[in-house]
Amino acid sequence: MKEKPNSTRTYDEEGFRRRAACLCVRTADETEILLVSSSSSPDRFIVPGGGLEPEEDAPAAAIREVMEEAGVKGTLGRCLGVFENLERRHRTQVFVLQVEDLLEEWDDSKSIGRKRKWFTVPNALEELTVSKPVQCNYVELLRKKDNKSGDGDSGSGGNVAVK
C-alpha cells in the first residue's frame, strides 16, 4: 500500500477511515472507464482514490486523488454512493468524473511509475474482479440507468456495505 509522507488519515465518528474515489469516464455515454495500476501490484488496475486530508471534503479529495494517481482533469459529476469496507474499516465516497484533460506526466507516474489504461465497462469489471472486487460495486452502480438521473447529491447512490 502506498503511504504518503506527512499524510494524516481522517476518520468519521464511527472510526472508519474517510476516502474518496472517482470512476473516470471518457465520454457522456460512460462506456469506458480509466483505471490506474496498483501501487502494490503494478500489473493490476484499480479505481483511483484515497484518503481525505484534514479539513477536506469528499469532492475535493476525489478531484485531488485522480490528479495525483491518474493525471486527469475533468468535471466532477454525480456521487454514486458511500461504500463501506468493514474488513479494512473505511468508507469511500465515489463520484463520476468526465475526463477532459490527460496529463503526459503526473505525480504518481513520476514517483512510483503508475500507469493508466482505458477499459470498457465489462473489461473493467473483469479486471476489478481479480484486483479489487470491492470496486466492482462502484462500476455496477454506474451501469444502472436509473442512477444516471442523480443530481450529485451524496445520497444519490445510497450506502453499500461491503465485507
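Both Glu 30 and Arg 78 are buried, that is, under 20% relative accessible area with a 1.4 Å probe and protein chains only, whereas exposed means over 50% and partly exposed lies in between. The two residues form a salt bridge whose closest N and O atoms are 2.9 Å apart; the term denotes a side-chain nitrogen of Lys or Arg within 4 Å of a carboxyl oxygen of Asp or Glu. Glu 30 lies in the loop between β1 and β2 and Arg 78 in strand β5, so the pair ties together parts 48 residues apart in sequence. Helices (H or I, at least four residues) and strands (E, at least two) are DSSP runs numbered from the N terminus.

The model is predicted: local features need pLDDT of at least 70 and side-chain atom pairs pLDDT 80 or more, while totals for chains, interfaces and linings use all residues. Residues are numbered from 1 along each chain as its sequence is written, and side-chain values use heavy atoms, without hydrogens and water.

A further salt bridge joins Arg 64 to Glu 56, with the closest N and O atoms 2.8 Å apart, and both of these residues are buried. Arg 64 also meets Glu 68 in a salt bridge (3.3 Å, N to O). Arg 64 and Glu 68 both lie in helix α1 (residues 58–70), 4 residues apart, about one turn of the helix. Through shared partners, salt bridges link Glu 53, Glu 56, Arg 64, Glu 65 and Glu 68 into one network.

Turning to helix α3 (residues 121–131), its buried residues include Val 121, Leu 125 and Leu 128. On the other side of α3, Pro 122, Glu 126 and Val 130 are exposed.
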